[in-house]
Amino acid sequence: MYYMKIPIIAVAGLVLFTAPGCASRSKVSNPYELQERTSAAHADFRKMISVEIADPARAAIFAGLADERDALMARHSESVRTYAESMKTLSSDYSATREDFEKLVRGYDSDRRGFQAEFVGLIAEMKAVTTEVEWRKLSKFDIDALGPQASAISAGGN
């Protein structure tokens, strides 16, 4: 039974190791172009907020929460990159034990759950300062333009 778990952990590690790298590949190879697109997307979203939320006080609160969400996405993206690098380092270490891998996975899983909980909390706060109609429109904004890779770059990462 013990030997049955080793291939499962190896496959899971391989998937977890390769998936973040594939997901973080930008379609735009020029970082300056990506920065410009990200900045334009942020400006478009800010404009959309002011158009959709007529009350300036609520719009400002929503914009602040959106900034927190973007910063959280950038931190999570960096966490994924760090995990992938740690997995690569551990995988290349012949003396690494199963416990070493399990400890790394447990730590990453704990971090991921924390990010998810914080993200869900921010979404709840964002919904609380909008009407249902406002939320429907604002939530459809292309979040990929503000996504982890773009957010990490605009925050000084990658």
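Buried residues make up 30% of the 158 residues in this protein chain, and please keep in mind that we are looking at a predicted model. As for contacts between residues at least 6 apart in sequence, 76% of them join residues at least 24 apart.

Let me take you to one helix pair, α2 and α3. Helix α2 covers residues 31-52 and helix α3 covers residues 56-92. Their axes are 10 Å apart, and the packing angle is about 150°. Angles over 145 degrees count as roughly antiparallel, and α2 and α3 are therefore roughly antiparallel to each other. Their crossing is right-handed.

Which residues in α2 and α3 meet? From α2 we have His42, Phe45, Arg46 and Ile49. On the α3 side, they meet Ala59, Phe62, Ala63, Ala66, Asp67, Arg69 and Asp70. Sorted by class, this contact has six nonpolar, one polar and four charged residues.

Now, two names from that contact, Phe45 and Phe62, bring me to the rings. The count of aromatic pairs comes to four. In the pair of phenylalanine 45 and phenylalanine 62, the ring centres are 6.3 Å apart and the planes stand at 55°, so this pair is tilted. Phenylalanine 45 lies in helix α2 and phenylalanine 62 in helix α3, so the pair ties together parts that are 17 residues apart in sequence.

Where does phenylalanine 141 sit? You will find phenylalanine 141 in the loop between α5 (132-138) and α6 (148-154), 96 residues from phenylalanine 45, so this pair links distant parts of the chain. The relative accessible area of phenylalanine 141 is 17%, and because buried means under 20%, phenylalanine 141 is buried.

To put the rings together: ring pairs link Phe45, Phe62, Trp135 and Phe141 into a cluster. Thanks, everyone!

Key. Residues numbered from 1 in each chain as written. Predicted model: local features only at pLDDT ≥ 70, side-chain atom pairs only at ≥ 80, totals over all residues. Heavy atoms only, no water. Axes fitted to C-alpha atoms, helices over the stretch in contact; angles between N-to-C directions. Helix = DSSP H or I, 4+ residues; strand = E, 2+ residues; numbered from the N terminus. Parallel < 35°, antiparallel > 145°, perpendicular 65-115°, else oblique. Left-handed = near helix turned anticlockwise from the far one by under 90°. Contact = heavy atoms within 4.5 Å. Nonpolar A, V, L, I, M, F, W, Y, C, P; charged D, E, K, R; others polar. Phe/Tyr/Trp six-rings, centres within 6.5 Å; stacked < 30°, edge-to-face > 60°. Buried < 20%, exposed > 50% of the residue type's maximum accessible area, 1.4 Å probe, protein only.
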